[in-house]
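Today I am opening a new page in my notebook.

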Amino acid sequence: MTTLFSIIPSLARLLSGGSLYRQLRIAATLYYFILSRKMFKQSQNDIKLNSVFNSREITFYLKYPMDIAVLREVFIDNEYAWCPIENPKVIVDLGAHFGDTTLYYNARFPDATVIAVEPSPENYSRLVKHTAAIANIKPVQAAVGGSNGTIELNIGSSSLGHSVLARKDSHHSVTVPLITLTELFEKNAIAKADLIKFDVEGAEFDIFKSINPADYATAYIGEIHFDLGTVTKDEFEYWFKDFTMQWTQIRTDRYLFNAEIK
């Protein structure tokens, strides 16, 4: 909780659009949000947060304290800032969560179409709520993998930890649609994406081993969860042999990966 409090001043400044009044209002809203969730542990109504980033208005509907940590990763830590394409036209967001990176990309590249893919029913509902008013964001409820059909999604204690792989903190599972990247592209009339962002809790191995990544996007950025699979770094790099790659270690056996086609 203390760590979340320490994030608030920087986050309020970055989401204020340069307005001191808005900065103070955002900070007050975030402090109230954390304290209210601390005092009343049961689920409450979402807290609406009006913000501005890159001169674009963004409305967040905060539900869990962890949402603030997510916004820190995106807007303070700039985890997904890397994009080698100056004006991307198509971005595919795999593991869109509640729309945090989707809204970030929309603010940075307002002319781009963003296909936002999220399998969790609750996360997807929040994603739709966050993006319903934005015409060039297209939410899709599905897990992406190596085949089409359905799959069991293991629901964890945090909205960030849901996975098609078994995890220690999973307490139940739900059946969700499963589609291949090929099916996703065909249904959304995508010939090739400029950027694919992915954070899919270990499902990345099943996705990329079944395709040639160069056929689907010019650039990729995402988290690689070697702690959740049996694929080695050498194997993963072989799949992306047509790309120039960069690896940034986040923690043991987990990396932020970006790749640009040669």
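Which residues are buried in helix H3 (residues 66-76)? I looked them up and found Asp 67, Ile 68, Ala 69, Val 70, Leu 71, Val 74 and Phe 75. Buried here means under 20% relative accessible area, while exposed means over 50% and partly exposed is in between, with a 1.4 Å probe and protein chains only. Helices (H or I, at least four residues) and strands (E, at least two) are DSSP runs, numbered from the N terminus. Just after H3, I noted that Asn 78 takes a positive phi of about 55°.

A note to myself on the source: this is a predicted model, where local features need pLDDT of at least 70, side-chain atom pairs count only at pLDDT 80 or more, and totals for chains, interfaces and linings use all residues. Residues are numbered from 1 along each chain as its sequence is written, and side-chain values use heavy atoms, leaving out hydrogens and water.

**The cores**

Next I looked up the largest nonpolar core, which has 44 residues. A nonpolar core is a set of buried Ala, Val, Leu, Ile, Met, Phe, Trp, Tyr and Cys residues joined through side-chain atoms within 4.5 Å. Leu 11, Leu 30, Phe 60, Leu 62, Ile 68, Phe 75 and Tyr 105 touch the most other members. H3 gives the most to this core, with six residues. I then followed Ile 68 and saw that it touches Leu 4, Ile 7, Leu 11, Leu 30, Phe 33 and Ile 34, not counting residues up to four places away in sequence. Contact means heavy atoms within 4.5 Å. Apart from this core lies another one, of 37 residues, including Phe 185, Phe 208, Ala 217 and Tyr 220. In soluble globular proteins, nonpolar side chains tend to be buried together.

**Helix H4**

How many of the nine residues of helix H4 (residues 100-108) are buried? I found eight, and the helix is mostly covered. Among them are Asp 100, Thr 102, Tyr 104 and Asn 106.

**The sheet**

I traced an open sheet of seven strands with mixed pairing, in the order S5-S4-S3-S9-S10-S12-S11. Two strands pair if DSSP finds at least two bridges between them. The edge strands are S5 (137-140) and S11 (243-251), each pairing on one side only.

Strand S9 (residues 193-198) and strand S10 (residues 217-225) pair in the parallel sense over five bridges, and Leu 195 stands opposite Ala 219 in S10. S10 and S12 pair in the antiparallel sense over seven bridges, with Tyr 220 opposite Ala 259 in S12. S11 and S12 are also antiparallel, over eight bridges, and Trp 247 has Phe 257 in S12 as its bridge partner. Their hairpin has two residues between the strands, and there Asp 253 takes a positive phi near 60°.

Why is strand S12 (residues 254-261) largely enclosed by the rest of the structure? Six of its eight residues are buried, so I could settle that one quickly.

**A loop to finish**

My last stop was Ser 120, in the loop between strand S4 (113-117) and helix H5 (121-131). Is Ser 120 buried or exposed? Ser 120 is buried, with a relative accessible area of 2%. A polar atom of its side chain lies 3.2 Å from the backbone nitrogen of Asn 123.

How values were computed:
A polar contact is a pair of N or O atoms within 3.5 Å; within protein, one must be able to donate a hydrogen and the other to accept it, and residues adjacent in sequence count only if both atoms are side-chain atoms.
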